[in-house]
Amino acid sequence: MMNAESTSTTNPLKITFNGPAKHFTDAIPIGNGRLGAMVWGGVPSETLKLNEDTLWTGVPGDYTNPDAPKALSDVRSLVDSGQYAEATAASVKLFGHPADVYQLLGDIELEFDDSHLKYAEETYRRELDLNTATAQVKYSVGNVEFTREHFSSNPDQVIVTKISGSESGSLSFSVSLDSLLDNHSYVNGNNQIIMEGRCPGKRIPPKANANDDPKGIQFSAILEIKISDDRGTISALEDKKLKVEGSDWAVLLLVASSSFDGPFINPSDSKKDPTSESMSGLQSIRNLSYSDLYTRHLDDYQKLFHRVSIQLSRSPKDIVTDTCSEENIDTVPTAERVKSFQTDEDPSLVELLFQFGRYLLISSSRPGTQVANLQGIWNEDLSPTWDSAPHVNINLEMNYWQSLPCNLSECQEPLFDFLTYLSINGSKTAQVNYLASGWVIHHKTDIWAKSSADRGKVVWALWPMGGAWLCTHLWEHYNYTMDKDFLEKRAYPLLEGCASFLLDWLIEGHDGYLETNPSTSPEHEFIAPDGKLACVSYSSTMDMAIIREVFSAIISAAEVLEKNEDALVEKVLKSLPRLRPTKIAEDGSIMEWAQDFKDPEVHHRHMSHLFGLFPGHTITIEKNPDLCKAAEKTLQKRGEEGPGWSITWKTALWARLHNQEHAYRMVKRLFNLVDPEHEKHFEGGLYSNLFAAHPPFQIDANFGFTAAVAEMLVQSTLNDLYLLPALPWDKWSSGCVKGLKARGGETVSICWKDGDLHEVGIYSNYSNIDHDSFKTLHYRGTSVKVNLSAGKIYAFNRQLKCTNVHQSIV
């Protein structure tokens with residue numbers, strides 16, 4: 001019987017390269033949630049691009065606008081009179097200040113002796129091992145093989161690099177620390193370099209007097225070197241570099257800290273001393289050997305990563321022979337595998353990209369860190385594209401879609417911490433800007449928990465549904481974990497505030513419905529009846545779908561917590577049936593706006609009007625067959641092209657429709673190798689390091705891909721479990737997935753062979769589930785109701801008959 005509790009994989013989960021990186025998107029990402037690095041793998045000289053997730057421009061902001069209520073009234077009047085273009089133009093008066101910008105930390109720069117200029121290129125190998133979260137570089141110079149190993153440890157909060165040569169005394173190099181940010185670096189003692197610096201206190205540093213720039217976030221990074229005890233020397237060069245000569249090996253330890261002390265404390269008032277904190281961090285690990293650090297890193301990482309395994313194959317024979325072909329797969333550069341996917345459709349590459357998404361989430365979002373931003377934590381620019389800021393009209397949510405079904409619920413904790421901060425600022429924005437209770441945020445935010453509308457264009461900036469969408473993650477977390485304490489203490493207060501705002505935001509509208517006005521469909525315009533281009537109207541389909549989802553969530557949460565009779569809940573219950581329903585347009589697709597406006601861009605990247613299908617739950621195959629048919633028409637009308645995140649959203653949407661053919665077509669479409677020197681905007685794909693392309697690099701599609709593949713394999717409600725609902729049987733006729741999670745708290749493992757289900761394992765291991773639960777299993781038209789007891793593992797055969805039950809030893 002399969003083990004549903006612990007998983008592993010025999011496949012070589014490695015991203016490989018046969019040369020150094022030429023671009024940022026060729027480099028290897030490592031991270032511990034807070035500290036990240038990109039390993040380029042240069043030979044004569046090497047650069048590790050460093051990041052620390054609290055380094056941002058700016059200071060806490062005022063996200064209120066006392067003139068907004070008058071502007072809001074004007075916009076609403078224009079919408080009511082059908083002057084949508086004029087309402088769009090007037091909406092700029094609702095803007096706030098622009099978001100701040102994610103920064104970099106700096107670089108570790110390594111320079112090797114001249115002999116490395118003559119390394120044997122055919123011996124070069126660079127790889128990221130997802131199984132160990134370790135990057136490795138190997139090459140030979142003459143008879144000497146040089147090896148570099150890099151990892152970022154979460155338990156010890158340090159980036160570790162070990163460099164060694166196969167011959168004694170063969171290792172010599174110099175190392176320095178530098179940054180594009182204002183900084184000062186110096187040698188401390190005989191084996192440390194300290195770099196101290198600051199982020200700009202304003203989004204765009206003033207060109208005039210530096211004193212006009214408020215004090216921004218301060219930072220410090222310390223690099224410490226250890227070398228072999230009996231051979232080699234370390235010396236200082238120019239008070240900025242360290243030089244290692246004639247050593248067998250060297251271990252570099254990089255720690256970093258900042259003065260950031262939360263979104264409400266001005267950096268000028270922070271009591272944190274980054275250099276002192278960094279020194280303390282180094283002191284805590286000084287007695288640990290490289291082996292100790294690596295073992296602690298591995299134990300921490302693999303406890304998360306090994307929860308889920310996946311193996312996909314065209315036939316059972318392929319699964320049996322996979323281990324025989326490991327060496328071949330392992331030596332072909334991953335970029336070449338991506339190139340050939342359109343012809344060979346190698347299932348093991350899907351496995352690799354699936355697990356890479358899990359690796360990236362573990363590496364960029366851990367309890368106590370910031371949320372994974374638009375690039376996770378990896379950034380090389382002072383002015384990254386779109387500020388590398390969390391965007392809340394799809395991107396931040398997609399970053400966390402996989403966390404629950406793919407068994408990484410702890411990695412979602414930073415999102416809930418962030419929501420708490422957002423609700424505090426958002427309550428001020430709601431009260432002042434909209435004269436509303438509760439809290440609100442818009443389409444873009446930053447480390448200071450910005451809650452007001454951004455600057456730029458109305459088509460993206462005016463969207464007050466960001467907080468509501470994020471709140472759906474709270475209810476989903478409860479559904480997957482059944483953690484009543486979390487629901488009561490963390491989720492419900494946030495849901496209450498969100499629902500309060502939505503109730504006040506809704507106004508009496510057309511045909512007896514409650515309406516949102518102004519309303520946009522994220523980043524999309526329409527042609528108004530007067531022929532003018534506009535984006536502001538009333539009650540977009542997405543607005544209604546998100547509000548419906550939040551209202552349903554708080555009603556269900558109130559039932560669990562016995563708060564059904566609360567005044568707020570009663571108001572929600574009365575308002576829910578008055579929301580404008582999702583309508584079908586004349587062409588058979590889902591209407592995106594309350595009116596069937598003409599669409600000037602039918603292939604638009606956003607799928608906002610299908611929110612109710614995915615990630616929402618208000619459109620289902622069983623309950624809404626007509627809307628599901630219209631959703632198919634909508635997807636066909638939108639087309640398959642788009643940025644990476646759009647492709648993965650479409651994959652998940654097709655999976656929800658149980659359409660295996662189209663879901664797989666979207667999977668295949670993402671395997672398009674993008675050349676960073678010849679990028680085409682909105683033509684998504686993958687870079688050579690498997691980072692997803694918008695282009696440029698944007699990490700949400702990596703996370704979205706993992707979530708979408710999981711959706712193809714398992715779908716669930718609190719009462720139902722759908723097995724292999726969108727599996728492309730002709731492409732992956734045999735396989736196993738182990739460790740996925742289902743709503744209701746179950747862990748699910750499935751094996752299938754020769755195009756049919758073979759065995760299912762289900763395990764409910766949450767300590768807070770102390771009662772039996774009933775679940776209906778669904779597979780290819782067969783439905784069987786089963787009774788599951790907490791702490792027991794159940795095995796079912798292809799007929800969904802229970803064949804074995806035993807008590808878990810956990």
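A contact here means heavy atoms within 4.5 Å.

**Figure 1. The whole chain, as a predicted model.** By that contact cut-off, residues 24 or more positions apart account for 69% of the chain's contacts with a separation of 6 or more. Count up the secondary structure and you get 19 helices and 32 strands. The radius of gyration is 27 Å, close to the 28 Å that the globule rule gives for 810 residues, so the chain is as compact as a globular protein of that length. Laid along its principal axes, the C-alpha trace spans about 85 × 70 × 50 Å.

**Figure 2. What is tucked away and what shows.** Of the 810 residues, 62% are buried. The chain still exposes about 29500 Å², with carbon and sulfur atoms supplying 47% of that area. As for charge, there are 75 positive and 107 negative side chains, and the centres of the two sets sit 3 Å apart.

**Figure 3. Leu613 and its neighbours.** Look for Leu613 in the loop between helix H15 (567–575) and helix H16 (625–638). Leu613 has 0% relative accessibility, so it counts as buried. Leaving aside residues up to four places away in sequence, Leu613 touches Ile619, Ala631, Leu653, Arg656 and Leu657. Ser764 is 151 residues from Leu613 along the chain, and their C-alpha atoms are separated by 27 Å.

**Figure 4. Phe260 against Trp448, an edge-to-face pair.** A search of the whole structure turns up 36 aromatic pairs. For Phe260 and Trp448, the ring centres are 5.4 Å apart and the planes meet at 65°, so this pair is edge-to-face. Phe260 comes from the loop between strand S16 (249–258) and helix H3 (274–285), while Trp448 comes from the loop between helix H10 (413–434) and helix H11 (458–461), so the pair ties together parts that are 188 residues apart in sequence. Both Phe260 and Trp448 are buried.

**Figure 5. Tyr290 and Tyr294, a stacked pair.** Here the rings are 6.4 Å centre to centre, with 10° between the planes. Both tyrosines belong to helix H4 (residues 290–305), where Tyr290 and Tyr294 are four residues apart, about one turn of the helix. Buried or partly exposed? Tyr290 is buried, because its relative accessible area of 15% is under the 20% cut-off. Tyr294, with a relative accessible area of 24%, is partly exposed.

**Figure 6. An aromatic cluster.** One cluster is formed by Tyr301, Phe305, Phe356, Tyr359, Trp378, Phe691 and Phe697.

How values were computed:
Residues are numbered from 1 along each chain as its sequence is written. This is a predicted model: local features need pLDDT of at least 70, side-chain atom pairs count only at pLDDT 80 or more; totals for chains, interfaces and linings use all residues. Side-chain values use heavy atoms; hydrogens and water are left out. Helices (H or I, at least four residues) and strands (E, at least two) are DSSP runs, numbered from the N terminus. The radius of gyration is taken over C-alpha atoms; the globule rule is 2.2 Å times the number of residues to the power 0.38. Buried means under 20% relative accessible area, exposed over 50%, partly exposed in between (1.4 Å probe, protein chains only). Accessible areas come from the Shrake-Rupley method with a 1.4 Å probe; for residues, only the protein chains shown count as cover. Lys and Arg count as positive and Asp and Glu as negative; His and the chain ends are not counted. The place of a charge is taken as NZ of Lys, CZ of Arg, CG of Asp or CD of Glu. Rings of Phe, Tyr and Trp (its six-membered ring) pair if their centres lie within 6.5 Å; planes under 30 degrees apart count as stacked, over 60 as edge-to-face and the rest as tilted.
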